[in-house]
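Take the points in order and find each residue as it comes up.

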Amino acid sequence: MKHVLSKTILISQTIELIANKYKISIEEARDRFYASNVIELLDDDETGLYGESALYLLSLYENQLNK
């Protein structure tokens, strides 16, 4: 479980971006983000997503929504 602090910050920032963009509560944004496969990818250190930005994670989340 490496990069816990980076992941925690990224998750928080991404949830805030989702809430602001879609005009929903933080709780709803959190539930939606945790239901996506992006959170699973972020949990896998081999993907290197912990080194990306919250905007990048938002784009992955939105790509998943559009599929």
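1. Let us begin with Leu41. Setting aside neighbours within four places in sequence, Leu41 is in contact with Thr47 and Leu49, where contact means heavy atoms within 4.5 Å. Leu41 has its place in helix α3; helices here are DSSP runs (H or I, at least four residues), numbered from the N terminus. Its relative accessible area is 36%, so Leu41 is partly exposed. For that scale, buried means under 20% relative accessible area, exposed over 50%, and partly exposed in between (1.4 Å probe, protein chains only). Leu41 and Asp31 are 10 residues apart in sequence, and 16 Å apart in space from C-alpha to C-alpha.

2. A word on what you are looking at. This is a predicted model, in which local features need pLDDT of at least 70 and side-chain atom pairs count only at pLDDT 80 or more, while totals for chains, interfaces and linings use all residues. Residues are numbered from 1 along each chain as its sequence is written, and side-chain values use heavy atoms, with hydrogens and water left out.

3. Now turn to α1. This helix has 19 residues and reaches 27 Å from its first C-alpha to its last, close to the 27 Å expected at 1.5 Å a residue; the expected span is 1.5 Å times one less than the number of residues. Which residues of α1 are buried? They are Lys7, Leu10, Ile11, Thr14, Ile15, Ile18 and Ala19. Seen down the axis of α1, these buried residues fall within an arc of 165°, so they line one face of the helix. The arc is that of the directions from the helix axis to the C-beta atoms. On the face turned away from the buried side, α1 carries the exposed residues Leu5 and Asn20.

4. Please look at Lys23 next, which follows α1. Lys23 lies in the loop between α1 and α2, and its phi is near 55°, a positive value in a residue other than glycine. With a relative accessible area of 73%, Lys23 is exposed.

5. How do α1 and α2 pack? Helix α1 (residues 4–22) and helix α2 (residues 26–35) pack at an angle of about 115°, with their axes 8 Å apart. Axes are lines fitted to C-alpha atoms, for helices over the stretch in contact, and angles run from 0 to 180 degrees between N-to-C directions. Among the residues that meet are Ile11, Ile15 and Tyr22 in α1, and Ala29, Phe33 and Tyr34 in α2.

6. Tyr34 is worth a stop of its own. Found in helix α2, Tyr34 counts as partly exposed at 45% relative accessibility. Leaving aside neighbours within four places in sequence, Tyr34 is in contact with Ile11, Ile15 and Ile39.

7. Finally, α4 (residues 54–65) has 12 residues and reaches 16 Å from first C-alpha to last, close to the 16 Å expected at 1.5 Å a residue. Ala54, Leu57, Leu58, Tyr61 and Glu62 are buried in α4. Down the axis of α4, its buried residues fall within an arc of 140°, so they line one face of the helix. What do these buried residues of α4 pack against? They pack against α1, α2 and α3 (38–43).

Conventions:
Helices (H or I, at least four residues) and strands (E, at least two) are DSSP runs, numbered from the N terminus.
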